[in-house]
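Trainee: I am new to this structure. Could you take one part of the chain and look at it closely with me?

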Amino acid sequence: MEYKTYMCVICGYVYDEEQGAPEDGLPPGTKWEDVPSTWKCPDCEATKDDFELIEI
């Protein structure tokens, strides 16, 4: 399975699908489309709309 990475354009927080965000209730392997629309950036409270796909 190929995982993608998304970065908050406001603060630079990186969400990696492979790692998820367990401290925010998103287990490893959680795909971006499965992240709830109500989820906010843990560092700056930005919404999902403020994240962009990045290539690492």
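Mentor: Start with the setting. This is a predicted model. The protein chain has three strands and zero helices. Along the sequence, the pattern reads β-β-β. The radius of gyration is 10 Å, close to the 10 Å from the globule rule for 56 residues, so the chain is as compact as a globular protein of that length. Its C-alpha atoms fill a box of roughly 30 × 25 × 15 Å along the principal axes.

Now the strand itself. β2 covers residues 14-16. Take Asp16, which is found in this strand. Is Asp16 buried or exposed? Asp16 is buried, because its relative accessible area is 18% and the cut-off for buried is under 20%. Buried residues make up 34% of the 56 residues in the chain.

What does Asp16 touch, leaving aside its neighbours within four places in sequence? Asp16 is in contact with Tyr3, Lys4 and Thr5. Thr5 falls within β1, which spans 5-8. Asp16 and Met1 are 15 residues apart in sequence. In space, their C-alpha atoms are 13 Å apart.

Step to the segment before β1. Glu2 is found there. Glu2 is exposed, with a relative accessible area of 65%. Which residues does Glu2 touch, once those up to four places away in sequence are not counted? They are Glu17 and Lys31. Now compare positions with Val14. Glu2 and Val14 are 12 residues apart in sequence. From C-alpha to C-alpha, they are 17 Å apart in space.

Contacts across the sequence also show up in the chain as a whole. Take the contacts with a separation of 6 or more: residues 24 or more positions apart account for 40% of them.

Next, follow the chain past β2. A loop runs between β2 (14-16) and β3 (51-54), and Glu45 lies in that loop. Glu45 is exposed, with a relative accessible area of 54%. Look at its backbone too. Phi of Glu45 is near 70°, a positive value in a residue other than glycine. Why point this out? Most residues other than glycine have a negative phi.

Then the cysteines. How many disulfides does a search of the whole structure find? The search finds zero. Cys8 is in no disulfide; its nearest cysteine sulfur belongs to Cys44 and is 3.7 Å away. Cys41 is in no disulfide either. For Cys41 the nearest cysteine sulfur is that of Cys11, 3.7 Å away. Cys8 counts as buried at 1% relative accessibility. Cys41 counts as buried at 0%.

Last, the surface and the charges. The accessible surface of the chain comes to about 3700 Å². Carbon and sulfur atoms account for 47% of that surface. The chain has 4 positive and 14 negative charges.

Asp16 is buried in the strand, while Glu2 and Glu45 are exposed. Find Asp16 in the structure, then trace its contacts to Tyr3, Lys4 and Thr5.

Conventions
Residues are numbered from 1 along each chain as its sequence is written. This is a predicted model: local features need pLDDT of at least 70, side-chain atom pairs count only at pLDDT 80 or more; totals for chains, interfaces and linings use all residues. Side-chain values use heavy atoms; hydrogens and water are left out. Helices (H or I, at least four residues) and strands (E, at least two) are DSSP runs, numbered from the N terminus. The radius of gyration is taken over C-alpha atoms; the globule rule is 2.2 Å times the number of residues to the power 0.38. Buried means under 20% relative accessible area, exposed over 50%, partly exposed in between (1.4 Å probe, protein chains only). Contact means heavy atoms within 4.5 Å. Accessible areas come from the Shrake-Rupley method with a 1.4 Å probe; for residues, only the protein chains shown count as cover. Lys and Arg count as positive and Asp and Glu as negative; His and the chain ends are not counted. The place of a charge is taken as NZ of Lys, CZ of Arg, CG of Asp or CD of Glu. A disulfide is a pair of cysteine sulfur atoms within 2.5 Å.
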